[in-house]
Amino acid sequence: MVTEDFEKETHMRKILEVILSFGIMLTALVGVIALLVVLPWWLLPVLVLLLVVWMASTRYGHQTRSVTWIGLSSLTQRLGSSSVVVIGIAGVVGVLVALLAMAEGFQATMQQTGSEDTAIAVRAGSMAELNSVLMREDIMLIAQASGVKKAPSGQPIASAELIVGASLVKKSNGLDANVEIRGVGAHVWEIYPNAHIVAGRLFTAGMNELIVGKGAHEQFAGNDIGATLILNNQQWKVVGIFDSGDAHDSELWGDADVVASVFRRGSSRSSVTVRLTDADAFDTFKAALSGDPRLHVDTKTTRDYYSEQSEQLTRLIRILGTTIGVIMAIGAVFGALNTMFAAVATRAREIATLRAIGFRGLPVVVSVMLETMLLALAGGVLGAAIAWLVFDDYTASTLGSSFSQVVFAFKVSPALIWNGLKWALAIGFLGGLFPALRAAQLPVTTALREL
Amino acid sequence: MKYFHLVWAALFRRKARTIFTLLSVLAAFLLFGLLDSVHTAFAKAGDNVSGVDRMVTVSKVSFTMQLPKSLLPRIENIPGVKAVIYANWFGGVYQDPKNAFANEAVSPNFFEVYTELVLPADHARAFAATRTGAVVGAALVNKYGWKIGDKIPLQASIFPQKDGSNIWTFDLVGIYEARDPKQRAMEQVMFFRWDYFDEARQFGNGNVGWYIEHLTDHTRSDEVAKAIDALSANSEHETKTQTEQAFNAAFVGQFGDIGLIVGSIMAAVFFTLVLLTGNTMAQAVRERIPELAVLKTLGFTNRGVLSLVLAESILLILLGGVLGLVCAALTVSALQTSMGAQIPMSQVGGAIWLRGVLLMIGIGLLIGVLPALRGMRLRIVDALAGR
């Protein structure tokens with residue numbers, strides 16, 4: 001009878017333990033995810049400070065300090081397995097940061113392209129400049145609309161631009177890629193104040209001459225200054241390189257009238273971009289266009305226009321990057337679990353001895369956690385550093401929304417690095433929690449008896 | 001094979017450790033399966049057997065420029081060309097710009113050339129009889145819950161109607177399916193009649209977006225391409241003709257170097273995996289040195305011990321890896337059923353499995369070799385004495 005009761009009791013206890021550890025796991029997961037989402041950067045130093053104060057001023061803190069110190073000083077003996085945690089987490093953080101830097105860079109390039117005080121008008125429903133056709137009458141009406149800034153000469157600052165595509169060979173893979181050629185008007189430099197010639201000279205009005213954006217110049221073959229491109233069976237001479245620091249860097253610019261005549265577009269253009277008197281004038285401008293029954297156009301500030309064009313791709317890369325990061329992180333958590341369980345197992349006697357001479361469970365838990373988190377942090381820093389060294393400002397090009405190439409640079413921003421470190425800490429937390437609890441729960445007698 | 005249970009027992013000597021390692025391996029190969037599926041989808045875009053005898057002619061300047069329809073009879077006359085399709089990209093939007101699917105105006109003989117798409121005969125007759133008719137892929141029809149007889153309004157992004165209206169309404173008269181279920185991705189397009197499109201559009205009339213030539217013999221493709229491009233040489237609308245495969249490869253290449261991105265990620269993943277499992281294996285063998293010595297005492301040869309340890313490490317990776325690839329296969333098919341075939345992922349098929357299993361064996365050997373050598377070289381006396 002007695003043994004039966006005893007068995008029943010141990011059975012119950014086991015079930016309770018399973019439920020308890022399951023509960024801990026769930027809480028940890030939820031907690032870590034919450035941490036990932038909300039943790040602002042300043043909270044980390046605050047937490048560290050609290051920890052230091054605790055370690056310096058309380059009894060448990062003192063104990064934790066000694067246990068942690070023992071753990072860290074024996075780290076060199078477990079260098080091989082500890083470096084697995086560091087490198088595993090470095091891999092996760094490196095890949096995550098690199099992928100998100102791609103999204104960030106693309107978005108930044110597109111968003112910088114626009115501003116609040118310029119507006120673009122395209123034919124209603126066309127969504128992208130390449131699809132749009134505006135007739136001469138439309139262009140005149142748009143330029144004369146209220147809200148458009150006037151130059152000192154009294155002319156409205158408006159640029160009717162013509163977009164055509166051209167096939168150039170991408171240097172990276174030797175395949176044809178579609179590049180935008182933008183025929184621009186006289187006011188172009190007032191519309192895009194960031195753009196300036198960095199080499200060569202401006203094209204001459206009326207001539208088959210092109211200037212090449214810096215990004216396009218780097219990514220595509222055969223467009224150095226002095227080179228001749230054959231477009232629509234006519235020779236075009238490349239006379240200069242311009243830099244605008246945004247998506248226009250991926251384009252080739254020429255005189256709109258010449259582009260129109262070579263590509264047989266007559267007096268039609270793709271879009272009209274205007275400089276507004278100020279950012280608030282957009283509503284006036286938009287109302288003027290939509291109130292005119294002769295016009296069927298959509299208008300947006302250029303900031304909105306280019307942001308929208310980057311939305312889809314940026315979201316896609318973010319989702320992909322996060323998914324890949326999550327899968328890699330799961331792998332890394334199990335790697336860390338293995339390493340830390342092994343570490344706890346090798347230190348079992350030592351921990352049991354500490355417990356036997358009066359150290360409590362909490363300092364042991366905290367010290368194992370601290371050790372894992374430190375390893376994880378090292379991994380995070382390593383991964384972020386590699387991502388930053390290799391990928392910051394790495395240029396690539398992809399297909400933008402108007403079927404043509406957009407050149408952009410990866411951007412490893414401080415926010416991204418912080419994001420990567422948060423992931424590292426979360427992986428370290430999950431990977432360290434159970435080994436830490438195990439260490440604290442080790443039955444002192446059996447652990448001491450073990451070989 | 002008779003030692004399988006021995007290897008198995010050794011593998012699960014420490015259950016928790018082995019399970020954690022298996023889960024790490026699983027995660028790595030799940031990622032491998034998913035990424036390789038994306039990579040395959042991009043690498044193989046349009047790379048189907050039926051496409052080898054087709055060529056695409058687009059404007060040499062840019063594929064976004066149009067070509068005159070007057071080229072049609074001249075291309076048809078070129079020896080080696082069996083049939084010619086012409087088509088226009090329409091770029092219409094259904095209800096919301098987020099509902100992105102391809103829609104094209106095509107010539108009447110489209111389905112005769114694209115035999116990998118099956119349009120039932122009565123649907124084909126209805127398509128020929130209805131000027132405003134449209135034929136839609138089964139996957140797309142299911143996605144929006146359309147049925148035959150529905151009117152489908154598209155908002156034009158490029159071509160307004162003659163009266164300036166942007167709304168084009170088409171009658172759904174036919175539903176096509178892909179002959180090969182693996183090509184479900186091709187069921188995501190809406191086709192309508194080019195003659196109606198050309199008559200109703202405001203500008204660009206008499207021009208087509210591209211030609212597709214069906215060849216009598218695909219070995220003559222170079223020669224035919226040259227002959228087609230010669231037709232318009234030195235004119236205002238020079239053409240560029242290439243095989244459908246080459247065209248698709250260039251188009252996909254415009255998104256960026258998917259292979260490079262996937263390759264770099266996988267390199268990082270496997271580098272980590274090798275370190276992680278290598279460490280575990282080393283640990284597992286280190287703990288068992290006395291046991292291995294006992295095996296040797298019983299008469300196992302050096303080579304026998306070596307193969308036991310190698311078999312253990314390969315089994316470890318294979319177990320995790322196969323589970324990972326199974327998860328990847330399930331994920332891909334789940335994604336394809338829930339989001340439609342438009343996501344660029346190909347089914348986890350034979351080629352991916354082959355690459356995966358080879359990788360598993362390779363990694364298994366790599367991480368097993370050092371511990372195995374250690375096991376092979378141990379001296380029985382020292383090992384038993386715990387030295």
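User: What makes a residue count as buried here, and what share of chain B does?

Analyst: A residue is buried if 20 or more other C-beta atoms, placed from the backbone, lie within 10 Å of its own; 12 or fewer makes it exposed, and anything in between partly exposed. By that rule, 42% of the 387 residues of chain B are buried. Keep in mind that this is a predicted model, where local features need pLDDT of at least 70, side-chain atom pairs count only at pLDDT 80 or more, and totals for chains, interfaces and linings use all residues. Residues are numbered from 1 along each chain as its sequence is written, and chains are lettered from A in the order in which they are written.

User: How does the radius of gyration of chain B compare with that of a compact globule?

Analyst: Chain B has 29 Å, whereas a compact globule of 387 residues would be near 21 Å. The radius is taken over C-alpha atoms, and the globule rule is 2.2 Å times the number of residues to the power 0.38. Along the principal axes, the C-alpha atoms of chain B fill a box of roughly 95 × 45 × 35 Å.

User: How many residues of domain 1 of chain A are in contact with domain 2?

Analyst: Four, against six residues of domain 2 of chain A, where contact means C-beta atoms within 7 Å, placed from the backbone.

Terms used
Two residues are in contact if their C-beta atoms, placed from the backbone, lie within 7 Å.
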